[in-house]
Amino acid sequence: MAEQPADKKFFENLSGAGKAIGVLTSGGDAQGMNAAVRAVVRMGIYVEAKVYFIYEGYQGMVDGGDNIVEVSWESVSSILQVGGTVIGSARCKEFRTREGRLKAACNLIQRGITNLCVIGGDGSLTGANLFREEWSGLLEELAQSGKIEEEAVKKYVYLNIVGMVGSIDNDFCGTDMTIGTDSALHRIIEVVDAIMTTAQSHQRTFVLEVMGRHCGYLALVSALACGADWVFIPEYPPEEGWEDQMCVKLSENRARKKRLNIIIVAEGAIDSHNKPITSEKVKDLVVQQLGFDTRVTILGHVQRGGTPSAFDRILASRMGVEAVLALLEATPDTPACVVSLSGNQAVRLPLMECVQMTQEVQKAMDERKFCEAVRLRGRSFENNLNTYKLLSHRKPDTELPKDDLSCSTNFNVAVLNVGAPAAGMNAAVRSAIRVGITEGHNMFAVIDGFEGFANGQIKEISWGDVGGWTGQGGSLLGTKRTLPAKYLEKIADQMRINNINALMVIGGFEAYLGLLELSAAREKYDEFCVPMVMVPATVSNNVPGSDFSIGADTALNTITDTCDRIKQSASGTKRRVFIIETMGGYCGYLANMGGLAAGADAAYIFEEKFDIRELQANVEHLTEKMKTSIQRGLVLRNENSNENYTTDFIYQLYSEEGKGVFDCRKNVLGHMQQGGAPSPFDRNFGTKISAKAVQWISKKLRETYRRDEGKVFANTEDSVCLLGMRRRNLLFQPVVELKDQADFVHRIPKEQWWLKLRPLMKILAKYKTSYDVSDSGQLEHVARHSPKEAETVAI
């Protein structure tokens, strides 16, 4: 992480010298706003621009004075883990008037600020756009009244605006996720998990009211993540007669020995006549019709509070850097844009196109065009809703699809876990089992991976058997790293004995190797000539063909939370640097992204070689920082980053070189990174990706069924696939084709998307480094998809 010569092309084209950037937060607060503010400040200073805090949102811009202050690199130290917004947020009636905007323009001109980064909701961003459109007229009026010089009108002729959406409701069209949404989901799921334990003790029904006055995203995703019995959202009101349907479903679940019911209500929930459905109304209905012991919990502002999740810190940091780049590239003809997330990619969209579509959603709901409202919310929202409907209610046997290709029974599909346990595996298994049953298959669970398969540890599994699995960590099926190669004959026998027609494997690099071995064994064993699909699940996130693996987000949150606590442990003591070792094998994902989320000064990984000179340069760099107002240092090291420069070696080096300036402590996080309840992201991602995998299996079974022989026979490369997320889409990729993309010696992909974020972490840690802008967002138009388009999954 030593200083590198800056990328000349970067500075020639994107130098911020002579420019001034103002950053403000407006409207409701959201966790992660501080991470965005920090990124804007540090990236702005990195490109040699002046950066100003505008305190108290638009109110501070109108009032001026001490509300607009130039800031330094140290000004945003230690705010990454803080919830809310340290620069304050306020709703400002005065800014809605032209007189108020005149005052704001005058205050900005006095400081030379013509670049604004606005972090807020659609109202705040709409106000910013109006301000931009009026800018030249406001300046002329100020000049005529003598409040600014004529020269200033010419010098500051146009205003650039870039927005970032900070809203826990995820109610802004054009982005898969807004800053704060993931953290709000964390708060909700923590409460749901806690409530479930008490509800089971007393056989209670709990009605939870979550935020979402105009958008049901939080309610929908939390229902998906906890397996709620029923959910009410404004975009998709229940059908006529929903009261009786809900009570029947709750009764059926109790009859199946389920000891609790969870009902989630968005605060803006309505029926098909646009009349409110309140949590109290739902509770009274359950009590009156069923007599169940029922309680209401209203989460309220708990959802806005607390420390931001790792996802929100990384998202906000990426967006903050992207916002500064967008401001530097803006011209008078560039429309005000908003930095958005599509899949795993940062994009820039015209602000008013997003605002217009957001307003269209509300209009569609007012006109009771609810299918249109769901479609306008975007592919991610629609996919969440469709998946919830698939998983929440078991259809009667008479409604299940029958195998119209054969007179015999329906297809048998086996599900197994392979490799190390990862949080979210159980949510993926639950989804696979339930979608499979809905598709008309007989679902089988394999215990203890390929080893258990060879030993015949296979049992049919029903809808109710996987109830309550979403919130369970580890692997309830049992999982082992054993590969199938030495058990091929036994596994083939079990495939034949149990008439297994398709295989779904949930796991990490071993799962990928296992499918390669089964695919190669098809020449010898016809039993393996069936559709096979893999869903990546490993904390290391080292599977070729997918940007994300189930379990990695939970591990990342564990690392981030631990780093926060470790840094806090030294509060009030002298200056201290912490050396922390993370898991990941040879894959540096956890160390790198954990470093970005926790605000590390360095992160050592296998993929980016380092030597003693770089270590020395890092120590000197940190020593200089520690001589300022900086009190804490954080260095992360991936467990296999270098066989000689061990965690102990780095600890001793920093301890020796930092004498007199700081002292050192070291921590090896170990297997705590694999444990714990899965994060909302891992539950949601595991649920949706598994559902899609089983639907692919169904399609392949129909395609490969030989009617004349009465059996399935699939021996093409595209019948053994890995389902992974690549940039914006979920893709099925033949495992054989992914061989060229894998480093089998070190068990990592040859190319990894997150390495492009390495310079971002270094910039935020005050290093001068080259920054590749080729992958930065480009201005696009808001996509309006048709209902038949393939789904994408928000990261």
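**Notebook: buried residues and nonpolar cores**

I began with Val 415, which I located in strand 12 (residues 412–418). The model I am reading is a predicted one.

I looked up the accessibility of Val 415: the relative value is 1%, so Val 415 counts as buried, the cut-off being under 20%. I then listed the contacts of Val 415, leaving aside neighbours within four places in sequence; among them are Val 429, Ala 432, Ile 433, Phe 444, Leu 477, Met 504 and Ile 506. I also checked Val 415 against Ala 310: the two are 105 residues apart in sequence, and their C-alpha atoms are 30 Å apart in space.

I turned next to the largest nonpolar core, which has 156 residues. Met 43, Met 164, Ile 262, Ile 264, Met 504, Ile 506 and Tyr 589 touch the most other members of this core. Helix 11 (residues 310–329) contributes the most to it, with 13 residues. I noted a second, separate core of 52 residues, including Met 61, Val 153, Tyr 156 and Cys 173.

For Ile 264, I again left aside neighbours within four places in sequence; the contacts include Leu 208, Val 210, Ser 222, Cys 226, Trp 230 and Phe 232.

My last entry concerns Gln 673, which I found in the loop between strand 21 (663–668) and helix 23 (680–704). Gln 673 is buried, at a relative accessible area of 1%. A polar atom of the Gln 673 side chain lies 3.0 Å from the backbone nitrogen of Met 583. Not counting residues up to four places away in sequence, I recorded that Gln 673 touches Val 539, Ala 555, Thr 558, Ile 559, Glu 581, Thr 582, Met 583 and Leu 590.

Technical notes
Residues are numbered from 1 along each chain as its sequence is written. This is a predicted model: local features need pLDDT of at least 70, side-chain atom pairs count only at pLDDT 80 or more; totals for chains, interfaces and linings use all residues. Side-chain values use heavy atoms; hydrogens and water are left out. A nonpolar core is a set of buried Ala, Val, Leu, Ile, Met, Phe, Trp, Tyr and Cys residues joined through side-chain atoms within 4.5 Å. Buried means under 20% relative accessible area, exposed over 50%, partly exposed in between (1.4 Å probe, protein chains only). Helices (H or I, at least four residues) and strands (E, at least two) are DSSP runs, numbered from the N terminus. Contact means heavy atoms within 4.5 Å. A polar contact is a pair of N or O atoms within 3.5 Å; within protein, one must be able to donate a hydrogen and the other to accept it, and residues adjacent in sequence count only if both atoms are side-chain atoms.
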